[in-house]
Structure formats: C-alpha cells, structure tokens
Amino acid sequence: MTKLLEIHDLHVYYGQKEALKGVDLSFDEGGITALIGPSGSSKSTYLRTLNRMNDLIPDVTITGTIKFRGQDIYAPQTDLVTLRKEIGMVFQQPNPFPFSIYDNVIFGLKLAGEKDHERLDQVVETSLKQAAVWDEVKDHLHESALSLSGGQQQRVCIARVLAVSPQIILLDEPTSALDPISSSQIEATLLKLRTDYTIITVTHNLQQASRISDRTAFFMDGEVIEVDDTKKIFMNPAHKQTEDYISGRFG
Amino acid sequence: MRRLFDEELDELDNGFTEMGILVSNVVQQSVAAFIDHDREAAQTIIDHDHDINEREIQLETKSFEIIALYQPVTSDLREVVTILKAVSDLERAGDHARNIAHATIEVKGNTRVAEIETQLAEMGHLTTDMVKQAIQAYVDKDEEAAKALVTVNDQLVDYRDQIMRDSYREITTDADVVVAAMNYNNVAADLVRIADYLTNVGEWIVYLKTGQIVELKLMK
C-alpha cells in the first residue's frame, strides 16, 4: 500500500551545513506522530520540508524524495498553494491575521475563490467546532482574532488550517507559548482530530508527546535515531541515545 | 549528566537493598531459632517484625513521591516500579519468617522428631542462601542470577513434600509428635512461600533489565 507521505533519504543543507542526514520517515493515514529531540536536532527542519516551507530559506539544498500520495512534492509542476492546502501548518506562536475570527478561518477558502456565503458560514462553524473553540468565540466571530487569549488564538489557527480540508496537519511546538490549561485544550483538540487527519507535531514537551502521540520519532544531529510506538519509546526504547534523552540525561 | 533524580533513585535503591538485607537476616535468624529451639530469639524476631513493615511503607512512600515529582520513564520508571512491587514481596517473606518464629515458640516443650528437624535445617539453609542470592542479584542487577533463583525454589518444594510425608508418617506412629509435626509442615510451607516471594523479586529484576514481565516458574 502506498504511504500517505513517503520520505526517503532526505538531506537538507543550509549552505555547506548538512542539517538533515538522510532521513527515512514515512506516514500512513491518521494518528499523531510526535517528533522529539534536542534543540538543533533538525526536527523542525524536517517538519518544514514536508510542505516546502524551507524553500523560502536562501542557500537551502534539499535532496531525496518526499512523495505525497505517490507524487513528488518537489517536482517542478507541484503547485505550492495546493500542496499547503493538503499539508497545513500550525506554528509555535499563534499567528492569527489581524482580521476578524471569521475572516481568519475563511482566509484559505477566499484565496481559492470561494464566495458562497452559506458555505463559508458552514465551514467557519465546522472548523471552529473541530478545533474545539466554537463555543468560546461563536458570539464574537466578527471581532478581531487578536483580542483572543493565546490558547484561543492557537485553536483559531488550527481552525484556519482545517477550513481548507487538509490531509495532514503539521504543528511546530504548538503549545510551547501557551499556559498548561490552554495546552491541554490544544492536546484534547488534536486527540479528537487524530482519526480524520494525519498529525505530525514537533514538541519539546516529552509528557505531551507521551500523552497524545501514537508514534514518536527521536531526532538527533539531523538523523532519526529511533521511531516506534510511543509506548515502546517511553517504556523501553531500543537505543541508548533515545533512553538518555527521554529520561533527561542530556538535552 | 548526573541528574537530581539519580540521587533520589540511589536513595531508593539503597533503601531497598537494606530492606533486603534485613529480611535476609530475619529469615536466617528464624531458621536458626527453630533449629536451636531458641524461644527467646524467636520472640525477638516477632517483636521486631514491624521494622520490616515500616521499611516497606517508607520505600513505597518514597516511590510515590519520585513518580509524582520526577515522572520517570524507560529504565528509570522500571527501577521505581521494580522496587515498588518487590518491597511487597520482601515484606511478605518477612511475615513468613515471623510465622517460623511463632512455630518455634509453639513447638518448644513438645515431643520432636530429630530426623525431620535435620531436613528442616537443610531446607532452612537453602532458603537463607536463596534470599541472599536474590538480594545480591538485585544489587548486581543480574538478570541471569535472578532467573537461576527458580531452581532453588524447586529443590525447596521437594524438601517440603518429603517433610510433609514424614510428618504424617510420624503422627500415625506416635500421637505425641502431633504438635511438632504440624509445625514442621507449617515451617516447610513458610520456607517455600519465602522462596516464592524471592522468586517474584527475581521476576522484577528481569523486568528491570528487559522490560518484560515474566513468570520464571513457567519459563523452565
């Protein structure tokens, strides 16, 4: 069976520096994969390569293959807007646009030319509900998204990604700027989404990885040292480096 | 990198070893008291039984604290879990040593059977050695030594069966030995139970090393 996202021998260079050293780490549909590892282990580089966010960095060289549903995403004919609609991203800092909550959520659809107000209303409601923030914002949809708390902003950002019906959601430390209660709301949201979406999240919060992910990949120095079921990684990892990192002996 | 957690874990680890030595000593003393018909030594064992129980509670409390405050994972978690489970086994082994001390007091003054007592002495020494081996296997975190404990367990079961047969035979020939013979049976059963609990400790040592929960008796 074809993998949803198939990555083979992925190398990323920033100038001369090799940031990713031949990574093979692929994804089936559904579930949450946590990418963990010390700072500078290139897990974010890896994540950002999956929807070509690294293209924007000058001097970057990417080799190897990344196939989304069997199609090479680095092929010249790939449409970036379509790709990022299929593979959306949520960042560390909540980054709502300085518009209303409503306009934030429909941003992607408007970009794609959707004008049907009834459909837009429907998508806003569905997406905000999926992101578990609807009840909190439904009476303020036309107020600025910037007036929300950090945790609410982040969930609106998740809704903005969901609005364009992606297959894969990439998250780069989505809760590191949030307080514990907001973080646990994001975690609960991701757990609800894990059946319908393939979720890949970078996190420095090991307990978060162990709480919500089905699979955990441990990155170090640009390589994937170990990837396995999260239970296995946290109970009895195969590699000493994984064990040392997970149990706080370094990093 | 040495972690704050390592110091806490060392303290727990040492506490467990000390409790192991305490139980090992009590088993040895209870066997010696029974063989020597030493009622006073037996009473001392009974009087100090709560020392072991207190140790168990201390180590359990410490384990809960470590889990709550440090949230250990991987081998760290296994070490805490091993101790948390194995302290109960040690405490129960201690209870059986106390039973042997009670038997010592009960038998005193009754007609005895020297031949069976010789067997019980051999069985007692075997058990005492096994307890020491189990504690050493823990100190050394030695999976193979832990697995080997089950062999001694088998020998002890054979001893117990023999002692039971001999005790019943003696009872049928001389009614005066009833009290002693019943206690021989009980002591033999206590020694086997002690060995069972130490085999459990061995199983936890295997878990500590491998992450596998095993039944050593089924692995033979």
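**Reading sheets and helix packing in a predicted model**

Q: In what order do the strands of the six-stranded sheet of chain A lie, and is the pairing parallel, antiparallel or mixed?
A: In this predicted model, 6 strands of chain A form an open sheet in the order E6-E7-E8-E3-E9-E10, and the pairing is mixed. Strand E6 (87-90) and E10 of chain A stand at the edges with a single partner strand each, so one side of each has no neighbour in the sheet. Neighbouring strands of this sheet are turned by 20° against each other on average, with direction ignored.

Q: Which strand pairs with E6(A), and in what sense?
A: The partner is strand E7 (residues 168-172) of chain A, which pairs with E6(A) in the parallel sense over 4 bridges. Within this pairing, Met89(A) stands opposite Leu170(A) in E7(A).

Q: How do the side chains of a strand relate to the two faces of a sheet, and which residues of E9(A) lie on each side?
A: In a regular strand the side chains alternate between the two faces of the sheet. In E9(A), Arg215(A), Ala217(A) and Phe219(A) lie on one side, whereas Thr216(A), Phe218(A) and Met220(A) lie on the other, and both faces are covered, with these residues all buried. Since 6 of the 6 residues of strand E9 (residues 215-220) of chain A are buried, this strand is largely enclosed by the rest of the structure.

Q: How is E9(A) joined to strand E3 and to strand E10 of chain A?
A: Strand E3 (residues 32-36) of chain A runs parallel to E9(A) and is joined to it by 4 bridges, and here the bridge partner of Ala34(A) is Thr216(A). With strand E10 (residues 223-229) of chain A, by contrast, E9(A) pairs in the antiparallel sense over 6 bridges, and the bridge partner of Phe219(A) in E10(A) is Val224(A). E9(A) and E10(A) form a hairpin with 2 residues between them, and Asp221(A) in the turn has a positive phi of about 45°.

Q: Which strands make up the open sheet of 4 strands, and which of them stand at the edges?
A: This sheet of chain A has the order E2-E1-E4-E5, with antiparallel pairing. Strand E2 (17-23) and strand E5 (71-72) of chain A stand at the edges, and each has a single partner strand, so one side of each is left without a neighbour in the sheet. Strand E1 (residues 5-14) and strand E4 (residues 60-68) of chain A run antiparallel and are joined by 8 bridges, with Glu6(A) opposite Lys67(A) in E4(A).

Q: How is a helix crossing angle read, and are H6(A) and H7(A) roughly parallel or antiparallel?
A: Angles under 35 degrees count as roughly parallel and those over 145 as roughly antiparallel. The axes of helix H6 (residues 150-162) and helix H7 (residues 180-193) of chain A come within 9 Å and cross at roughly 20°, which makes H6(A) roughly parallel to H7(A). Their crossing is right-handed, and the residues that meet include Gln154(A) and Ile158(A) in H6(A) and Gln185(A) and Thr189(A) in H7(A).

Q: At what angle do H1(B) and H5(B) cross?
A: The axes of helix H1 (residues 4-36) and helix H5 (residues 114-140) of chain B come within 10 Å and cross at roughly 175°, and these two helices are therefore roughly antiparallel to each other. Among the residues that make the contact are Gly20(B), Val27(B) and Phe34(B) of H1(B) and Leu120(B), Gly124(B) and Val131(B) of H5(B).

Q: Which residues of chain A does UniProt list for "domain: ABC transporter"?
A: The unreviewed UniProt entry lists residues 5-246 of chain A under that name. In the model, this span is 37% helix and 25% strand, and its end C-alpha atoms lie 26 Å apart.

Methods. Residues are numbered from 1 along each chain as its sequence is written. Chains are lettered from A and ligands numbered from 1 in the order in which they are written. This is a predicted model: local features need pLDDT of at least 70, side-chain atom pairs count only at pLDDT 80 or more; totals for chains, interfaces and linings use all residues. A residue is buried if 20 or more other C-beta atoms lie within 10 Å of its own, exposed if 12 or fewer, and partly exposed in between; C-beta atoms are placed from the backbone. Two strands pair if DSSP finds at least two bridges between them. UniProt positions are given in the numbering used here, feature names are shortened, and annotations may be inferred rather than shown by experiment. Axes are lines fitted to C-alpha atoms, for helices over the stretch in contact, and angles run from 0 to 180 degrees between N-to-C directions. Angles under 35 degrees count as roughly parallel, over 145 as roughly antiparallel, 65 to 115 as roughly perpendicular and the rest as oblique. A crossing is left-handed if the near helix is turned anticlockwise from the far one by less than a right angle, and right-handed if clockwise. Two residues are in contact if their C-beta atoms, placed from the backbone, lie within 7 Å.
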